[in-house]
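Subject: Structure for you to look at

Hello,

Here is the structure you will be working with. Please open it first, then read the notes below it.

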Amino acid sequence: MCDEFKKSIILEFDMSDLGKMKYFLGVEVKQCPGGIFICQRRYAREVIARFGMEDSNAVKNPIVPGTKLRKDEGGVKVDETQFKQLVGSLMYLTVTRPDLMYGVISLLSRFMSNPTTSHWLAAKMILRYLKGTTDLGIFYRKGENNSKLMAYTDSDYAGDLDDRRSTSGFAFMLGSGAVSWASKKQPVVALSTTEAKYIAVLLCACQCVWLRRVLKKIGFEEKSGTVILCDNSSTIQLSKNPEFHGKSEHIDVRFHFLRELLNDGVVKLSYCTSENQVADIMTNPLKLEQFEKLRRMLGMTNINDIS
């Protein structure tokens with residue numbers, strides 16, 4: 001397929017075949033007999049140097065467990081332009097670094113206007129974590145037995161201290177590594193943990209529909225329903241049993257789109273324990289041991305460990 005594509009492009013455009021891809025828009029691609037590894041270590045080092053953190057002490061966790069940021073109207077203001085530049089640079093790193101999603105997308109990006117010292121210190125903590133993990137990336141191993149698309153989804157509950165909205169997160173796995181991930185504040189205020197996780201499952205299901213269509217276009221159609229793993233039994237029951245819907249009529253109608261996908265066999269909801277809920281890394285600051293475990297489950301590894 002690749003050879004045919006290159007030949008057709010060469011016929012239409014004046015181009016040269018430079019062989020296997022090594023760099024693309026700041027993303028380093030290492031192709032070896034064991035699989036494909038992607039990372040952004042060069043760009044990460046540039047970001048660290050740009051913001052003067054080369055001599056800082058590295059940390060192993062980007063966010064201290066229990067950290068909660070909120071609007072700090074009485075705090076000392078910092079340079080808004082510089083803060084936006086830093087957050088924007090970190091956002092681009094999330095292309096290959098799902099371990100940064102929660103800290104960057106769900107925390108720092110909420111304070112782009114009127115950032116204060118507390119927000120700046122949180123951003124510097126992520127830079128210190130980045131300094132010690134510049135060689136991390138995702139390794140897609142060749143010949144993995146499990147080549148089916150599957151997903152993990154989770155949410156916190158009322159995690160935003162300013163508007164009490166929850167944060168949804170998901171991670172899609174294909175083979176040994178994550179292929180799609182997100183951490184996003186929910187559009188409405190959830191009234192219970194079950195409702196917050198139900199909304200998170202819907203966000204994941206919508207992404208699932210899109211990914212299944214992409215895979216079908218490139219010749220890898222998913223024949224059976226995509227498994228979505230959730231760590232809340234009440235959420236699974238709510239999506240499957242219509243008799244429970246009377247207790248959740250306050251949820252917007254669009255969230256019941258999930259049940260239609262279940263009935264059509266597009267997705268399948270299954271239970272997983274909280275300890276193995278990979279999407280937890282997208283919604284909460286975690287203790288180091290759990291953080292590193294979930295990071296490995298995402299397929300993240302050090303480039304020096306790739307043979």
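Two strands are said to pair if DSSP finds at least two bridges between them. Strands are DSSP runs (E, at least two residues), numbered from the N terminus.

Please note that this is a predicted model, in which local features need pLDDT of at least 70 and side-chain atom pairs count only at pLDDT 80 or more, while totals for chains, interfaces and linings use all residues. Residues are numbered from 1 along each chain as its sequence is written, and side-chain values use heavy atoms, with hydrogens and water left out.

Strand S5 covers residues 149–155. S5 runs antiparallel to strand S6 (residues 167–174), and 7 bridges join them. With strand S8 (residues 226–230), S5 pairs in the parallel sense over 3 bridges. Methionine 150 has methionine 173 as its bridge partner in S6 and stands opposite valine 227 in S8.

In a regular strand, side chains alternate between the two faces of the sheet. Are the faces of S5 covered or uncovered? Both are covered: Leu149, Ala151, Thr153 and Ser155 on one side, and Met150, Tyr152 and Asp154 on the other, are all buried. Buried means under 20% relative accessible area, exposed over 50%, and partly exposed in between (1.4 Å probe, protein chains only).

Leucine 25 lies in the loop between strand S1 (23–24) and strand S2 (27–32). Leucine 25 counts as exposed because its relative accessibility is 61%.

Regards

Terms used
Helix = DSSP H or I, 4+ residues; strand = E, 2+ residues; numbered from the N terminus.
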